[in-house]
Amino acid sequence: EVRKNIPVTEEELEKVREMLGARQRADLWENFSRRWQGSAPVGSERIREELHLDDRPVVFLATNVLGDSLTLGRHTFSKNMSEWIERTVQYFVERTDSQLVIRVHPGEQLTHGASMVDVVRNLLPKLPEHIHLITPTSPINSYDLVDIARLGLVYTTTMGLEMAMRGVPVIVVGQTHYRGRGFTFDPDSWVNYYKTLGSMLDSEEKALLTEEQMKM
């Protein structure tokens, strides 16, 4: 409330650009001791080759770390993140006109217990050719996936915010700090989720972000 009407200065914007650039390059930034990626980006064409992706639209689903505080009590219409992922995978089994790439959060390497990898594999031990599962230990840089995505799907991860900043339309299903700000698609029920998802897959024009939305 205090800050919302204060314009962001160019100096502050440049600071944000520097931080995001470091995240994308898998570099450290200022006094941060954590890297968000294990590998530097290699480019969209190489990623397409590695994952055997074709010309069908790519939908990038970025997970949170299971049990992270960013996921606790943040559900809107799904019971939790796991249920959302399960039902989304089930939806895409029939959508062979597109390609779903699930990037399990690299931060899972620092945790113990259940993984989003287990959630997907317990549901479908053998994935169809158009659904791809990228494990936490994979050297693939998530920002390469952003560059080839037609659409992003997120629960509460800040990757959704970063995708929108780079012009990728994002469907947000959890209660996160950037939901409802005007630059994401925020369904409030399973019916609206499937309706929004289907509409954006069927028509690329409906999924485009305006210049104004990208600057929000």
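User: Hi! How many helices and strands does the chain have?

Analyst: Eight helices and five strands. Helices (H or I, at least four residues) and strands (E, at least two) are DSSP runs, numbered from the N terminus. Please keep in mind that this is a predicted model, where local features need pLDDT of at least 70, side-chain atom pairs count only at pLDDT 80 or more, and totals for chains, interfaces and linings use all residues. Residues are numbered from 1 along each chain as its sequence is written, and side-chain values use heavy atoms, with hydrogens and water left out.

User: Thanks. What share of the residues counts as buried?

Analyst: Of the 216 residues, 47% count as buried. Buried means under 20% relative accessible area, exposed over 50%, and partly exposed in between (1.4 Å probe, protein chains only). The chain exposes about 11600 Å², and carbon and sulfur atoms supply 51% of that area. Those areas come from the Shrake-Rupley method with a 1.4 Å probe, and for residues only the protein chains shown count as cover.

User: And what part of the contacts joins residues 24 or more positions apart?

Analyst: Such pairs account for 65% of the contacts with a separation of 6 or more. Contact here means heavy atoms within 4.5 Å.

User: On to charges. How many salt bridges are there?

Analyst: The count comes to seven salt bridges, each being a side-chain nitrogen of Lys or Arg within 4 Å of a carboxyl oxygen of Asp or Glu. Side chains of opposite charge can pair when their charged atoms come close.

User: Which residue does Asp 54 bridge to?

Analyst: Asp 54 pairs with Arg 56, and their closest N and O atoms are 2.9 Å apart. Asp 54 is partly exposed at 31% relative accessible area, while Arg 56 is buried at 19%.

User: Where does Glu 129 come in?

Analyst: Glu 129 also forms a salt bridge with Arg 56, at 3.1 Å from N to O. Glu 129 sits in the loop between helix H4 (116-123) and strand S3 (131-134), and Arg 56 in the loop between helix H2 (44-51) and strand S1 (58-62), so the pair ties together parts that are 73 residues apart in sequence. Glu 129 is exposed, with 52% relative accessibility.

User: What about Arg 95 and Asp 202?

Analyst: Their side chains meet in a salt bridge too, 2.9 Å from N to O. That pair links distant parts of the chain, 107 residues apart: Arg 95 is in the loop between helix H3 (81-93) and strand S2 (99-103), and Asp 202 is in helix H7 (residues 190-202). Arg 95 is buried at 13%, whereas Asp 202 is exposed at 58%.

User: Let's switch to rings. How many aromatic pairs are there?

Analyst: Nine aromatic pairs. Rings of Phe, Tyr and Trp (its six-membered ring) pair if their centres lie within 6.5 Å; planes under 30 degrees apart count as stacked, over 60 as edge-to-face and the rest as tilted. Trp 190 and Tyr 194 have ring centres 5.7 Å apart and planes at 25°, so that pair is stacked.

User: Where do those two lie?

Analyst: Both are in helix H7, four residues apart, about one turn of the helix. Trp 190 is buried at 14%, and Tyr 194 is partly exposed at 25%. Ring pairs link Phe 77, Tyr 91, Phe 92, Trp 190, Tyr 193 and Tyr 194 into a cluster.

User: What else touches Trp 190?

Analyst: Beyond its neighbours within four places in sequence, Trp 190 is in contact with Phe 77, Ser 78, Glu 83, Trp 84 and Arg 87. The charged end of Arg 87 sits over the Trp 190 ring, 3.9 Å from its centre; the rule is NZ of Lys or CZ of Arg within 6 Å of the ring centre and within 35 degrees of the ring normal.

User: Last one: what covers the buried residues of H7?

Analyst: The cover includes S1, H3, strand S4 (151-154) and strand S5 (170-172). Among the buried residues of H7 are Trp 190, Tyr 193 and Leu 197.
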